[in-house]
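Let's take a friendly walk through this protein. Have a look at the sequence and the 3D view first, and keep them open while you read.

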Amino acid sequence: MPGALKTWPSWPEFTTLKGEEDLNGELIQYKKDIIAIYGEEAIRKSWLEVCKDLEIITDEIADKGTSAIPEIQYDEMFTMSDEEKQRLKDTGCFVVRGLVKEEQANTWFKDLKEYVADNRANVGGWPAATPFVLRLYWSPTQLAIRSHPNHLRLQKELNSWWHDSPNSTTTSSDPLSYADAVRIRPPGIPFFGLGPHIDAGSLSRWVDPSYRKHYEYIFSGNPSKHDCYDMETRKEAKQAHFEGEAHSTVLRAFQGWTALTPAGKQEGSLLLYPNVKASIAYVLLRPFFSPPSNEEDLLDASKWKFDISHGWFPGTWKRRSQCASPSSHPHLRLKDCMVNIPAMKAGDSIWWHCDMLHAVEVDHFGELDASVAYVAATPTTEENKAYMKRQSQAFLNGGSVPPDFGLSATNKESTFKGWVGEKGILSGEEGRRAAGLYL
């Protein structure tokens with residue numbers, strides 16, 4: 001299959017023996033609460049409909065492979081037809097070519113490498129043994145990328161694909177520059193830490209009332225009516241309802257990588273599940289069903305038993321992102337449908353909906369570093385502004401670690417060689433406003 005992994009990595013498989021402990025029946029009660037609201041019949045109806053849809057969707061993805069992920073030039077993002085925009089929204093992921101010029105990206109990468117080298121003793125990262133996801137947030141390179149006029153314009157466009165109530169006066173597509181880390185991944189070192197997962201919380205999707213309401217059509221027997229871009233309830237969702245090291249506080253309309261170096265398949269690149277609506281519906285419905293005893297019936301959704309006698313939410317821990325595996329989520333056909341993104345050049349970007357399953361390749365068989373900056377499209381909402389106010393205070397407080405990334409961290413980048421502070425923000429007033437400096 002073009003774009004699928006030839007050999008599935010030894011990522012964890014999630015079974016009833018691998019899950020959040022339910023010592024006091026709390027997890028079972030969460031399921032009962034949902035059934036009390038929507039009813040068993042509605043959950044069954046959605047399950048059968050979503051699994052039926054996945055039969056066609058998974059065949060299409062497996063056949064197309066990488067080509068299932070659309071590619072579009074930066075300038076075309078603002079002139080495309082409504083039909084083309086809907087195709088991108090339905091897929092939920094796409095490559096934007098030429099977000100910035102290749103020469104500019106090359107310069108940014110050179111500057112980043114120097115910044116890291118000059119401050120190596122103070123730069124932490126993950127995984128601990130061979131850190132390449134670097135706990136840097138305020139380097140000159142990152143400040144420039146987030147506030148580059150092309151980036152801000154694209155973020156505003158992507159934010160506008162979401163919609164709120166017509167009466168809302170507190171949301172807009174104006175971008176906010178959520179500070180995230182940066183990656184410099186060397187070749188030759190396997191990395192198993194990011195198998196298929198969805199960010200923005202895990203168990204909170206079922207438990208937090210606003211978050212759960214965003215998926216109301218899925219739970220109420222009408223999954224085809226679910227709107228992945230409805231901000232009305234999603235904007236108030238408590239993604240970090242359960243505190244955890246992997247939960248962003250803000251709503252990121254789209255998560256994104258901006259490539260600072262070229263990278264292709266088997267070079268430590270990204271894997272995506274290019275259908276957001278059916279996959280998130282399946283993940284949400286899966287905890288209410290147990291598989292048939294006959295393995296031959298595994299993909300026959302009608303043979304699955306409605307079962308809330310246990311508290312197992314597959315691939316779900318309070319403190320971690322939502323995970324998935326071939327055995328725990330069989331109808332997704334992850335081995336066939338987690339596909340490589342197209343090869344990236346420096347200056348390109350890849351974007352995926354905040355409910356999308358994604359993973360990072362275990363192997364990097366290339367010859368050069370693979371570097372990306374994590375830059376999302378973050379809309380203006382009351383919750384997001386509240387977080388950005390705290391983030392900007394961390395920035396102004398000597399370049400402290402942003403709140404989502406560890407309040408206990410003490411490093412201040414203002415002590416680093418090469419620190420530029422506010423001078424590193426591009427795009428004038430627009431860049432400063434996006435950075436939250438006027439909140």
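## A ring pair across the chain

Tyr115 is buried, with a relative accessible area of 4%. This is a predicted model, and burial here is a computed property: Tyr115 counts as buried because its 4% falls under the 20% cut-off. By the rule used for rings, the model holds 27 aromatic pairs. Tyr115 forms one of them with Phe416, and that pair is tilted, with 6.0 Å from centre to centre and 50° between the planes. Where do the two partners of this pair sit in the chain? Tyr115 belongs to helix α4 (residues 102-118), while Phe416 is in the loop between α13 (382-396) and α14 (428-434). They are 301 residues apart, so the pair links distant parts of the chain. Phe416 is buried too, at 6% relative accessibility.

## An edge-to-face pair and a cluster

Now turn to Phe289 and Phe306. Their ring centres are 5.7 Å apart and their planes meet at 80°, so this pair is edge-to-face. Phe289 lies in strand β9 (residues 289-290) and Phe306 in strand β10 (residues 305-306), so the pair ties together parts that are 17 residues apart in sequence. Are these two residues buried or exposed? Phe289 and Phe306 are both buried. They also take part in a cluster, in which ring pairs link them with Trp47, Tyr282 and Trp304.

## Charges over rings

Rings can have charged neighbours as well. The charged end of Arg153 sits over the ring of Phe78, at 3.6 Å from its centre. Over the face of Tyr229 you will find Lys89, 4.9 Å from the ring centre.

## A covered strand and an enclosed helix

In β15, Ala370 is the bridge partner of Arg185.

Helix α5 (residues 140-147) is largely enclosed by the rest of the structure, because seven of its eight residues are buried. Those buried residues are Thr141, Gln142, Leu143, Ala144, Ile145, Arg146 and Ser147.

## Two buried loop residues

Asp355 is in the loop between β13 (349-353) and β14 (358-360). It is buried, with a relative accessible area of 0%. Which side chain joins that of Asp355 in a polar contact of 2.9 Å? The partner is Arg205, and the side chain of Asp355 makes another polar contact with that of Arg234, at 3.3 Å. Leaving aside neighbours within four places in sequence, the residues in contact with Asp355 include Ile198, His214, Tyr215, Val276 and Ile280.

Ser325 sits in the loop between β11 (322-323) and α12 (334-337), and its relative accessible area of 1% makes it buried. A polar contact of 2.8 Å joins its side chain to that of Ser328. Apart from neighbours within four places in sequence, Ser325 is in contact with Pro12, Glu13, Phe14 and Leu334. To return to Phe416, Ser325 and Phe416 are 91 residues apart in sequence and 41 Å apart in space, C-alpha to C-alpha.

Notes
Residues are numbered from 1 along each chain as its sequence is written. This is a predicted model: local features need pLDDT of at least 70, side-chain atom pairs count only at pLDDT 80 or more; totals for chains, interfaces and linings use all residues. Side-chain values use heavy atoms; hydrogens and water are left out. Two strands pair if DSSP finds at least two bridges between them. Helices (H or I, at least four residues) and strands (E, at least two) are DSSP runs, numbered from the N terminus. Buried means under 20% relative accessible area, exposed over 50%, partly exposed in between (1.4 Å probe, protein chains only). Contact means heavy atoms within 4.5 Å. A polar contact is a pair of N or O atoms within 3.5 Å; within protein, one must be able to donate a hydrogen and the other to accept it, and residues adjacent in sequence count only if both atoms are side-chain atoms. Rings of Phe, Tyr and Trp (its six-membered ring) pair if their centres lie within 6.5 Å; planes under 30 degrees apart count as stacked, over 60 as edge-to-face and the rest as tilted. A charge sits over a ring if NZ of Lys or CZ of Arg is within 6 Å of the ring centre and within 35 degrees of the ring normal.
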